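Me: Please take a close look at one part of this model, the ligand site. Then place that site in the rest of the chain.

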Amino acid sequence: MQLNKLKQYNGLFLSFEGLDGSGKTTQISKTKEWLESKNWNVMVLREPGGTVFGEKLRSAILETQEDIDPLAQAMLFASSRAQLLSKKILPFLSNKNHCVILDRYIDSSIAYQGYAAGLGMETITQLHSYSPLNQMPDLTFYLEINLETSLSRQSSRGEDKDYFEKNDTAFYQKLELGYKECCKVFSERIKVINAIQDIENVFKDIKQDLNDYIV
Ligand code: T5A
């Protein structure tokens, strides 16, 4: 695997991953509040997005009606990510007691573009061997739910489906497989959380893992 961790930051870098509707936004907001109560400075960002340039790329891909080539998707997400790292994440994390919480990161590219869209994990990791994309989080929470839960939580929101949410069951099965592979290959970094539990119990598990990082 090509990903070497050449850490260029001092603060705490967290990312949250999971299928659509796995509860990332919900748990990120609870984590932010909890860390702030312990006097951490916290910045929450989402991918794609988080910068003016990144938000334009987000609309370009999530709102398109056109079929996008998987490599074009991967490079677009990497582009948004590189901008976010160099303009927001790394400057903020140059300080101690500063934490960035990211809603999706490299594991989304591996699962969505690498596995579900068929590019392969190696293509994505190679793309991330260049600076600043080679910066990996200290800790990633994979909020694990099944496909049925993902679909039912998506539909309970009643919003229009974005580019990826329109995919069929076969796509989601490959996506799950991709995430399982990430959890295996990057087992030191990724903590798997049972996200089918109720919101408070999911958060309890997250706090337990996080405790080791904030002493
Ligand atoms: N993408 C992204 C790629 O293909 N490659 C990449 O490299 C990157 C970075 C982004 C899309 O882009 C793709 C992946 C995505 O398809 P997005 O709009 O950011 O899309 O969407 P998501 O990240 O999937 O966010 P969602 O809003 O869909 O899901 P969340 O944030 O995981 O879930 P959340 O917290 O909003 O919860 C969903 C609903 O479930 C309830 C909540 O109240 C809410 O109604 N809920 C629970 N209900 C019961 N029990 C629990 N434990 C619950 N937790 C939450």
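Reply: Start with Ser 109. An N or O atom in the side chain of Ser 109 sits 2.6 Å from an oxygen atom of the ligand. The model is predicted, so treat this distance as a computed value. Arg 153 faces another atom type. A polar atom in the side chain of Arg 153 lies 3.3 Å from a nitrogen atom of the ligand.

Now the cover. On its own, the ligand has 1,000 Å² of accessible area, and the protein covers 82% of it. The space that the ligand takes is the largest pocket.

Which elements give two or more residues to the shell around the ligand? They are α1 (24-37), α2 (52-62), α3 (70-92), α4 (106-116) and α6 (147-157). Among these, α4 supplies the largest share of the shell, with 4 residues.

Next, the shell itself. There are 28 residues around the ligand. Those that come nearest are Lys 24, Thr 25, Thr 26, Ser 109 and Arg 157. How does the shell divide by class? It holds 12 charged, 9 polar and 7 nonpolar residues.

Step back to the whole chain. The protein has 8 helices and 5 strands. Read from the N terminus, the elements run β-α-β-α-α-β-α-α-β-α-α-β-α. The C-alpha trace spans about 45 × 40 × 30 Å along its principal axes. Is the protein compact or extended for its 215 residues? A compact globule with 215 residues would have a radius of gyration near 17 Å, and the protein has 16 Å, so the value agrees with a compact globule.

Last, the backbone. Most residues other than glycine have a negative phi, and most peptide bonds are trans.

Take Asn 39 to begin with. Asn 39 is not a glycine, yet its phi is positive, at about 70 degrees. Asn 39 is placed in the loop between α1 and β2. The helix α1 is also one of the elements that give two or more residues to the ligand shell.

Then come two cis peptide bonds. One joins Glu 47 and Pro 48, with omega about -10 degrees. Pro 48 belongs to the loop between β2 (41-46) and α2. Like α1, the helix α2 is among the elements with two or more residues in the ligand shell. The other cis bond joins Ser 131 and Pro 132, and its omega is about 5 degrees. Pro 132 is in the loop between α5 (121-127) and β4 (139-144).

Technical notes
Residues numbered from 1 in each chain as written. Predicted model: local features only at pLDDT ≥ 70, side-chain atom pairs only at ≥ 80, totals over all residues. Heavy atoms only, no water. Near = heavy atom within 4 Å. Polar contact = N/O pair within 3.5 Å; in protein donor to acceptor, adjacent residues only side chain to side chain. Areas by Shrake-Rupley, 256 points an atom, 1.4 Å probe, with all protein chains shown as cover. 1 Å grid on protein atoms, 1.4 Å probe; cavity = no way out; pocket = protein on both sides within 12 Å on 5 of 7 lines; lining within 4 Å. Sits in = over half its atoms within 2 Å of the grid points. Nonpolar A, V, L, I, M, F, W, Y, C, P; charged D, E, K, R; others polar. Rg over C-alpha atoms; globule rule 2.2 N^0.38 Å.
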